[in-house]
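Q: Hi! I've got a structure open and I'd like to talk it through. Could you have a look with me?

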Amino acid sequence: MLALLRKYQIPVASCACLLLSLYILTAASRGQLKSDPVGPLLLWLMRPLQVAAQAASGWVKGLHEAYWTTAGLRAENERLKKRIAQLEIERNRLLEAEATNQRLRQLLEFKASLPASGVVASIIANSASSWFQSCLINRGSADGVRKGMAVVTPLGVVGRVVDVSRRTAKVLLLTDANSGVDVFVQRSRARGIVAGSLENGTIMKYVKRSEDVQEGDRLVTSGLDGIFPKGLMVGVVTKVRKQSLGLFQSIEVAPAVRPERTEEVIVVGSELRELAG
């Protein structure tokens with residue numbers, strides 16, 4: 001008998017397992033099975049797998065949410081960058097408009113102080129040459145601009161008109177070597193000519209050695225040259241040298257107006273001899 005069971009042990013064991021399974025299933029379906037010995041065992045075996053599956057599911061869900069959160073933040077970041085760029089452009093436009101309004105307001109107030117109306121113009125080009133310092137304005141003969149008229153700002157003298165077309169005019173700057181403005185030293189009333197020079201920038205010429213001129217003195221137009229109204233600021237004396245020989249002093253001047261920083265000017269006629277008020 002034992003020899004027969006050893007010979008057919010595998011089929012016998014299989015049949016026994018099958019019969020046992022059928023019994024358990026039948027008993028379970030009929031409710032006759034008081035306790036299920038397989039269920040707890042399966043639950044115990046499946047628990048690590050369930051925990052691992054739940055952890056993996058949570059990790060995938062978190063990764064998915066993190067991806068969409070990151071994508072949303074990236075899109076929001078790009079939108080905010082574009083908005084900041086637009087606001088910066090708008091801010092720059094408003095600041096520029098405010099600066100322009102302020103300059104024009106000062107220019108109009110200065111224009112009102114003149115005894116007659118001048119022509120407000122904008123500088124549209126500057127000369128690139130260091131030998132001939134000039135600029136181009138957007139007003140010409142059609143606007144009443146004529147050759148020889150003075151060009152000024154609230155800060156002082158810019159230059160004079162040397163060439164005119166119908167819609168534009170060329171202005172010879174005070175700093176050019178061919179310019180010349182008759183001036184007084186405001187403190188001592190010493191008189192001279194302010195012009196540009198190739199060696200020392202802007203200078204005051206033809207001032208006698210006996211005249212009282214000091215560093216820091218303010219120079220204003222005399223109105224005697226028939227071009228510039230009297231009393232306009234021209235510049236400030238920065239250096240005075242009295243050489244042992246010669247009739248005149250050597251005087252260097254800082255112009256009151258820096259053309260490279262000037263955008264709007266007023267063109268006034270030679271009939272204006274003195275500032276109003």
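**Chatting through the model**

A: Happy to! Let's begin with Gly 192: leaving aside its neighbours within four places in sequence, Gly 192 is in contact with Val 181, Asp 182, Val 183, Met 204, Lys 205, Tyr 206 and Val 207. Keep in mind that this is a predicted model.

Q: Okay, and where does Gly 192 sit?
A: Gly 192 is part of strand β7.

Q: Is Gly 192 buried or exposed?
A: Gly 192 is buried, because its relative accessible area is 5% and buried means under 20%.

Q: How far apart are Gly 192 and Val 207?
A: In sequence there are 15 residues from one to the other, and in space their C-alpha atoms are 5.4 Å apart.

Q: Which residue stands opposite Gly 192?
A: That would be Val 183, which faces Gly 192 of β7. Next to that, Asp 182 has Ile 193 in β7 as its bridge partner.

Q: So how do β6 and β7 run, and how many bridges join them?
A: They run antiparallel, and four bridges join β6 (residues 181-185) to β7 (residues 191-197). The two strands form a hairpin with five residues between them.

Q: What's in that turn?
A: Arg 189 is there, with a positive phi of about 65°. That is a positive value in a residue other than glycine.

Q: Which other residue has a positive phi without being glycine?
A: Tyr 206 is one, with phi near 60°. You'll find Tyr 206 in the loop between β8 (201-205) and β9. Tyr 206 is also one of the residues in contact with Gly 192.

Q: Zooming out, how many helices and strands are in the chain?
A: The chain has three helices and twelve strands. Of its 277 residues, 29% count as buried.

Q: New topic: strand β5. Why is β5 described as largely enclosed?
A: Four of the five residues of β5 (residues 169-173) are buried, so the strand is largely enclosed by the rest of the structure.

Q: Which strands pair with β5?
A: Strand β2 (residues 134-137) pairs with β5 in the antiparallel sense over four bridges, and Leu 136 has Lys 170 as its bridge partner there. Strand β4 (residues 156-164) also pairs with β5 in the antiparallel sense, over five bridges. β4 and β5 form a hairpin with four residues between them.

Q: Let's look at Glu 260. Where is Glu 260, and is it buried or exposed?
A: Glu 260 is in the loop between β11 (250-255) and β12 (264-268). Glu 260 is exposed, because its relative accessible area is 51% and exposed means over 50%. Between Glu 260 and Cys 135 there are 125 residues in sequence, but their C-alpha atoms are 9.4 Å apart in space.

Q: Last one: how many cavities of 30 Å³ or more does the structure hold?
A: One. About 40 Å³ of space lies in the largest cavity.

Q: Which residues line the largest cavity?
A: The lining is made of Val 157, Val 158, Leu 174, Thr 175, Pro 255, Val 257 and Pro 259. By class, that gives six nonpolar, one polar and no charged residues.

How values were computed: Residues numbered from 1 in each chain as written. Predicted model: local features only at pLDDT ≥ 70, side-chain atom pairs only at ≥ 80, totals over all residues. Heavy atoms only, no water. 1 Å grid on protein atoms, 1.4 Å probe; cavity = no way out; pocket = protein on both sides within 12 Å on 5 of 7 lines; lining within 4 Å. Points joined across faces, edges and corners; volume = space filled by probe spheres on them. Nonpolar A, V, L, I, M, F, W, Y, C, P; charged D, E, K, R; others polar. Pairing = 2+ DSSP bridges. Buried < 20%, exposed > 50% of the residue type's maximum accessible area, 1.4 Å probe, protein only. Contact = heavy atoms within 4.5 Å.
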